[in-house]
Amino acid sequence: MQELAATPIKYQSLRRFPTSTFDLSVVAGPRALIADVLSAIRQLAGETLVQAEFLRDFTLPTGDRSLSYRLTVGAAARAPFS
């Protein structure tokens with residue numbers, strides 16, 4: 001019975017403000033790594049980035065690549081107007 005004991009469920013509080021999801025395409029060199037571009041996106045987005053995922057890689061006629069990502073952003077708390 002102890003082996004079948006349920007693991008504790010961790011809950012996250014609901015967001016008070018809605019999130020927004022959009023796709024972002026980045027033109028990168030032919031040898032650019034998908035993970036490096038994703039890391040740069042995460043760093044630039046900061047705390048507002050909730051989720052980032054890679055979608056597709058398209059080679060342009062110039063030889064460069066178009067890397068597409070789906071980003072979900074949202075603030076945990078509403079910032080005051082300045």
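Modeller: Ser66 lies in strand 3, where strands (E, at least two residues) and helices (H or I, at least four) are DSSP runs numbered from the N terminus. This is a predicted model, in which local features need pLDDT of at least 70 and side-chain atom pairs count only at pLDDT 80 or more, while totals for chains, interfaces and linings use all residues. Residues are numbered from 1 along each chain as its sequence is written, and side-chain values use heavy atoms, with hydrogens and water left out.

At 13% relative accessibility, Ser66 counts as buried (under 20% relative accessible area; exposed is over 50%, partly exposed in between, with a 1.4 Å probe and protein chains only). Strand 3 as a whole is mostly covered, since 7 of its 9 residues are buried. Leaving aside neighbours within four places in sequence, Ser66 is in contact (heavy atoms within 4.5 Å) with Ser25, Val26, Arg56, Asp57, Phe58 and Leu60.

The setting is an open sheet of 3 strands in the order 1-3-2, with antiparallel pairing (two strands pair if DSSP finds at least two bridges between them). Strand 1 (20-28) and strand 2 stand at the edges, each with a single partner strand, so one side of each has no neighbour in the sheet. Neighbouring strands are turned by 20 degrees against each other on average, direction ignored; axes are lines fitted to C-alpha atoms, for helices over the stretch in contact, and angles run from 0 to 180 degrees between N-to-C directions. Helix 1 lies across strand 1, strand 2 and strand 3, and runs at about 35 degrees to strand 3.

On one side, strand 3 pairs with strand 1 in the antiparallel sense over 9 bridges, and Tyr69 of strand 3 is the bridge partner of Leu24. On the other, strand 2 and strand 3 are also antiparallel, over 9 bridges. Along this second pairing, Ala52 has Leu71 as its bridge partner in strand 3, Arg56 has Ser68, and Asp57 stands opposite Leu67. The hairpin of strand 2 and strand 3 has 5 residues between the strands, and there Gly63 takes a positive phi near 100 degrees.

Ser68, also found in strand 3, is buried, with a relative accessible area of 6%. The side chain of Ser68 makes a polar contact with the side chain of Ser25 at 2.8 Å (N or O atoms within 3.5 Å; within protein, one must be able to donate a hydrogen and the other to accept it, and residues adjacent in sequence count only if both atoms are side-chain atoms). Beyond four places in sequence, Ser68 touches Leu24, Ser25, Glu53, Phe54, Leu55 and Arg56.

The aromatic count comes to 1 pair (rings of Phe, Tyr and Trp, the last by its six-membered ring, with centres within 6.5 Å; planes under 30 degrees apart count as stacked, over 60 as edge-to-face and the rest as tilted). The pair consists of Phe54 and Tyr69, with ring centres 5.6 Å apart and planes at 70 degrees, so the arrangement is edge-to-face. Distant parts of the chain are linked in this way: Phe54 is in strand 2 and Tyr69 in strand 3, 15 residues apart. Tyr69 counts as buried at 0% relative accessibility, whereas Phe54, at 31%, counts as partly exposed.

Finally, Ala75 is placed in the segment after strand 3 and, at 33% relative accessibility, counts as partly exposed. The C-alpha atoms of Ala75 and Thr48 are separated by 5.3 Å, although these residues are 27 apart along the chain. With residues up to four places away not counted, Ala75 touches Arg15 and Phe17.
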